[in-house]
Amino acid sequence: MDWKEIRGNWVLIPRNPIGIIHFLGGAFVATAPHLTYRWILEQLANKGYVIIATPFINTLDHTAIAKSVLLNFERTLERLYDTASLRKLYLPTYGVGHSMGCKLHLLIGSQSAVERAGNILISFNNYAARDAIPLVEQFNSALAIEFTPNPIETSKLVQERYNVRRNLIIKFSNDTIDQSAALSKILQERFEEMVTIQTLPGTHTTPLGQDFQWQTGTSFTPIDAIGQWFKQEVYRDLNQLKRTMLLWLNPLSPP
């Protein structure tokens with residue numbers, strides 16, 4: 001499989017697809033998701049999931065971004081069908097978001113009539129602009145710089161209109177900016193027994209972990225031992241994330 005850019009999205013198509021994943025990344029790493037989230041996305045593709053990763057540039061208008069990324073996703077999916085890159089068979093579609101990508105999937109599921117088999121929401125946060133964007137507090141407060149919708153409006157919208165019933169919420173044990181607890185409460189009240197919550201080892205940047213090859217010399221040195229240990233630690237958290245996602249996507253699939 002090779003990454004292909006199709007109508008502004010980055011796409012991976014496995015040989016025998018079993019599902020489609022629409023991926024949205026975090027605010028400052030979302031412009032090149034095929035690079036910043038390469039490892040975890042390729043692992044999902046290796047298990048049969050078509051990956052459509054939509055880049056976006058963060059602005060204050062999150063409603064507009066949500067509408068734009070959904071339109072881009074649908075256009076790319078249409079192109080895949082039109083060119084026979086993907087056969088027109090029913091494949092369940094899942095939204096997967098990290099950080100701000102979670103908010104966008106929540107807005108999509110609250111403001112659009114999308115058909116989703118479920119959403120995976122990783123490291124959700126819903127901060128006000130002054131807390132999320134450096135230097136905002138230094139601007140004149142009369143400018144009223146804030147995201148649309150703001151945090152209170154977002155929570156209210158999800159509470160009243162979010163229509164994706166099955167959800168996996170993932171938070172990491174050492175993530176100081178995660179706000180998954182508040183989201184979990186809202187979704188559990190809306191869809192009782194359809195929401196799974198998992199706390200995994202790692203940090204807010206764990207999904208950004210990448211593959212690297214540690215080449216040893218002709219003899220195994222203490223530096224090589226440190227390199228191998230570091231790689232094992234990084235991959236322990238990444239592999240736990242991968243296993244958790246795959247088990248939720250398909251409980252009957254082999255690990």
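A crossing of two helices is left-handed if the near helix is turned anticlockwise from the far one by less than a right angle. In the predicted model described here, helix 4 crosses helix 6 in this left-handed manner.

Helix 4 spans residues 100-111 and helix 6 spans residues 151-161; the two pack with their axes 9 Å apart and at an angle of about 45°. Angles of 65 to 115 degrees count as roughly perpendicular and those under 35 degrees as roughly parallel, and helix 4 and helix 6 are therefore oblique to each other. On the side of helix 4, the contact is formed by Lys103, Leu106, Leu107, Gly109, Ser110 and Gln111, which meet Thr154, Leu157, Val158 and Arg161 in helix 6. By class, the residues of this contact between helix 4 and helix 6 comprise four nonpolar, four polar and two charged.

The model also contains an open sheet of eight strands, in which pairing is mixed and the strand order is 1-2-4-3-5-6-7-8. Strand 1 (4-6) and strand 8 (195-200) are the edge strands, each pairing on one side only. From one strand to the next, the twist averages 20°.

Helix 2 (residues 38-46) touches strand 2 (9-12), strand 3 and strand 4, and the direction of helix 2 makes about 150° with that of strand 4. Helix 7 (residues 180-190) touches strand 6 (118-122), strand 7 (167-172) and strand 8, and the direction of helix 7 makes about 160° with that of strand 7.

In general, the strands of a sheet pair through backbone hydrogen bonds, in either a parallel or an antiparallel sense. With strand 3 (residues 19-24), strand 4 (residues 49-53) pairs in the parallel sense over five bridges. With strand 2, by contrast, strand 4 pairs in the antiparallel sense over three bridges; here Val11 stands opposite Ile52 of strand 4.

Strand 4 is also mostly covered, five of its five residues being buried. The burial extends to both faces of strand 4: Tyr49, Ile51 and Ala53 lie on one side, Val50 and Ile52 lie on the other, and all are buried.

How values were computed. Residues numbered from 1 in each chain as written. Predicted model: local features only at pLDDT ≥ 70, side-chain atom pairs only at ≥ 80, totals over all residues. Heavy atoms only, no water. Axes fitted to C-alpha atoms, helices over the stretch in contact; angles between N-to-C directions. Helix = DSSP H or I, 4+ residues; strand = E, 2+ residues; numbered from the N terminus. Parallel < 35°, antiparallel > 145°, perpendicular 65-115°, else oblique. Contact = heavy atoms within 4.5 Å. Nonpolar A, V, L, I, M, F, W, Y, C, P; charged D, E, K, R; others polar. Pairing = 2+ DSSP bridges. Buried < 20%, exposed > 50% of the residue type's maximum accessible area, 1.4 Å probe, protein only.
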